[in-house]
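User: Please take a close look at a single helix in this model. Cover its ends, its sides and what it packs against.

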Amino acid sequence: MDMKKRVSLELRHRSPTEVQELVLDNCRSGEGKIEGITEEFSNLELLSLINVGLTSVADIPKLDKLKKLELSDNRISGGLEVLAERLVNLTHLNLSGNKFKDISTLEPLKKLPQLKSLDLFNCEVTNLADYRESIFKLLPQLTYLDGYDIDDCEASDSDGEGDGVEDEDDEGLEGESEDFEEEEEEDEEDVVAEEEDDDDDSNDEEEGEVNGDVDSEDDDEEDDDDDDEDSSPAKGEKRKREPENEEEDDDDDEDDD
């Protein structure tokens, strides 16, 4: 996705003046230049352009409120003068994974009086002798270089990251975590309810089977009764034949007389 289109998507129907954070990581820049970002983003405090194929920052607009700029994993090798001219309140700058070879290419950063943190991980300049001492000497306003101060003390989260910007992100993550936990609890309750329903259904089935057995026994008893009833007429017929035999006996007696 090209950078201009990504900027449009990130706006989400907002005006540029409403945006305080703009993350465009992994999109593609045209001809290695910044596109789609204008001075209309006047309230922007964080701009992230990680791995977008930049070779130059010459087209970055004037953003007086910008405090944190992420430019890691690009192909920038110089031209930092524009940052000092247009980002006067910059406090955190990440240039890790770029093409800086000499200390001199970083001299323009001297004109950023608010700069507190600079990252140059995986840049060739870090292989120079006395690299850290030279950078702290060149940029006395720096507090942290590659995450450590001049005494090799690691930066705390609050010092090493943007002023309040990450705090808001952390709060958002905590809120998401709480929502996730609530969803998990709801899911567990649903599972329990389903298991209870299944138990009820199984109980109903067992009761149905028992009732079915009882009904079948009742049916068997009824069948036996029917058989008994069917056999009773035969007995009745025999009783009807008995009077006929008596009449025959009377006739025999008369003949004898």
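**A close look at α1**

The buried residues of α1 pack against β1 (21–23). Contact here means heavy atoms within 4.5 Å. Buried means under 20% relative accessible area, exposed over 50%, and partly exposed in between, with a 1.4 Å probe and protein chains only. Helices (H or I, at least four residues) and strands (E, at least two) are DSSP runs, numbered from the N terminus.

This is a predicted model: local features need pLDDT of at least 70, side-chain atom pairs count only at pLDDT 80 or more, and totals for chains, interfaces and linings use all residues. Residues are numbered from 1 along each chain as its sequence is written, and side-chain values use heavy atoms, with hydrogens and water left out.

Start with the sides. Met3, Arg6, Val7, Glu10 and Leu11 are the buried residues of α1. They sit on the same side of α1 because they cover an arc of only 140° around the axis. That arc is taken from the directions from the helix axis to the C-beta atoms. Lys4, Lys5 and Ser8 are exposed, on the face turned away from the buried side.

Now the ends. Asp2 caps the N-terminal end of α1, with a side-chain oxygen 3.2 Å from the backbone nitrogen of Lys4. Arg12 follows α1 and has a positive phi, near 50°.

Notes: A polar contact is a pair of N or O atoms within 3.5 Å; within protein, one must be able to donate a hydrogen and the other to accept it, and residues adjacent in sequence count only if both atoms are side-chain atoms.
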